[in-house]
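Open the model in your viewer and keep the selection tool at hand. The tour goes stop by stop.

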Amino acid sequence: MIGSMLGILPAAFGGVAWGILGGALPGISPSITMALLLPFTYGMDPAQAIVLLAATYVGAEYGGSIPAILIRTPGTNAAAATIADGYAMKQQGRAGEALGISLYSGFVGGLFGLIVLVLLTERLSEVALAFTPPAYFALGVLGLSVIASLSRESLIKGLAAGVLGLMVATVGTDPVTGASRFTFDAVDLLSGIPPILVMVGVFAVAELFEQSGEPGWEQATERPRIRFPSPAMWKRIALPQAIGSVIGTFEGIVPGSGGTVSSFLAYNEARRWSRHQEEFGHGSPEGVAAPEAANNTVACTALIPMLSLGIPGSNSAAVLLGGFLLHGLIPGPLLFVQHRDIVESLYVGLFAANIAMVVVGYLMMTPAIWLVGRPKPYLMAFIYALVVSGVYAIEGSLFQVGVVLAFGLLGYAMRYFRMPVLPLVLGVVLGFMVESNYRRALVLSSGDHLTFVREPLAAGLLAVAALFLVGSLVRHARERTVGPTAGGGREGGAGGVGGVGGAGGSAT
Amino acid sequence: MNRDGVLGLVLLGVAVAYYAAASAIPPSDLADAVGPGGLPRAYAVVLGALALGLLARGRGHQDAGPHVSRRLLLRVAGLLGLGAVYVLLLPWAGYPLSIAGLIIGTAYYQGGRLDRRVVAVGALGAVVLWLVFVQVLGIDHPVGAWVERLLGEPPLGEGL
């Protein structure tokens, strides 16, 4: 036990280091940083692989704040809320202090999120043994109903992306009869299209295509040393950290919200509750602490629906789920029964990753700034080479490299048509579970569809899925008739920060 | 027709083609009540309905989305082409040469200059990746047909 725990420590430290570097590169989100690493985990011990990916998520959330503070360009979407006050602090010659507050707040938020993760997933896992094929089918349907909340801009496009994912999941050998479907006599397609190839394609390769049209990012002009907050500052930022942690908890659990929404909400709430409201936008430490605590809390709480129900509610959680699948581990109720050691290793790994973030974050500052300063064409070229080499490393198959490129093109086309990508991934991940359990349940009940409502657990899950879907439909309908009221608050939050950011910018 | 309309047309085409392919799955003696083509056909119908919804929404509306320039499309096509060339070239040229070519080509396509520096970056990147994948992780990559000819046939399956 101690040996395996010692084994995951390098993974935690390595993952955080990789995450900080990836997060520090503008345009490279935590999910992409994780997707780049995914193929490398294939030959690793499963516990180490999962910890490596989870630690990358933790590190990337902090890494995103480095360019946000130094060059006013968020490394990750969630770090956008940090720009307003982080960059203003930098302009006042307090960049090291801002980075220290970001690091410390991320640490606090991460530990809070980890405690919530452990407590909640344990409760949910207690129903593990009650799952039967109808319940698993219902769980898959519940997962697919999340698509409705992931489709903020257009429900039709979100649903279409989800159905496309379900279609991709049908390629290969039929789970019940063993017949070949949609393989077009290609031997490489007989075992289906692994979700990892879809994820690397639509996240990493599509982002490379997208970045080819973006201008190069600004260079950092100074190399500050991180200054950790003084005891007086600890006291001052305790409340915004608490606000960020609580908001991050709720937003992390709700699929589709994620770190970006929680950061902006935390920023606005911290400003509302602050005694120094006038400082927000002009270099308030609280304005850095709240969003950074929030997005690092999300890095842990977003794993709750993924671990306990097998439903990834964010891109990063989906990539982590891909890491589980790559090692033959199926997240969901049975994970806690069959592979409890992996779950416990993940908890320990996340704890270590949060500690590592403070140490590695301090040490990685100079390399991260150096990396952001490299010419963008070289960095993008190296990342492309890393992707194709990594994918080939999985099974030594050039066909799979081609599949990843094809999904990269699909992901880029989906961005062009403003179609959300996560529903596609959800469809691919959940498609097999939905179909195999639907048909298995029907075989066991001699074709009686009432079996799905006769079983209390399945009926309950289907009811929750229906409620989720109806709630999202009502919200979409309301937004179409009277404008985005609920979302408006959130957008308002973003706008509020943007406005403040503008003020901060004008302070130059 | 705006972007939604075009997307609707594309998805309708996908739905029709997928339905046809699902209907062509041969029946099996082991088939259950739903059969291997049952759910795929249902998916195709749902996608078709959603595509019609998008078509209806996109008809007669102008596109308000961001314009994608011809230059950007060429860059994306170039990147994709470079990836495809890499896939085709790998067995013949071998991993170090192919990956160096990919790095140089991509850097050029991303806006870098085709000079000695980019060649050096490509060579250095290839060496780093070769060390990581082949030497550290022990993953075989194709050595390249020309090297095999030069050195004589290596044992079956032996890569770099």
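Predicted model: local features only at pLDDT ≥ 70, side-chain atom pairs only at ≥ 80, totals over all residues.

Residues are numbered from 1 along each chain as its sequence is written, chains are lettered from A and ligands numbered from 1 in the order in which they are written, and side-chain values use heavy atoms, without hydrogens and water.

**Stop 1: the interface**

Select chain A and chain B. The contact (heavy atoms within 4.5 Å) takes 51 residues from chain A and 65 residues from chain B. Together the chains bury about 5,100 Å², 78% of it on carbon and sulfur atoms. Buried area is the accessible area (1.4 Å probe) that two parts lose on being put together, summed over both. Now pick A:Met167, A:Ser212 and A:Tyr378. In chain A they lose the most area to chain B, together 13% of what that side buries.

**Stop 2: a salt bridge**

Show the side chains of B:Asp4 and A:Lys157. They meet in a salt bridge at 2.7 Å, N to O. The rule (a side-chain nitrogen of Lys or Arg within 4 Å of a carboxyl oxygen of Asp or Glu) finds 1 across this interface.

**Stop 3: a helix of chain A**

Which helix gives the most to the side of chain A that touches chain B? Select α18(A): it supplies 13 residues. Helices are DSSP runs (H or I, at least four residues), numbered from the N terminus.

Note on methods. Helix = DSSP H or I, 4+ residues; strand = E, 2+ residues; numbered from the N terminus.
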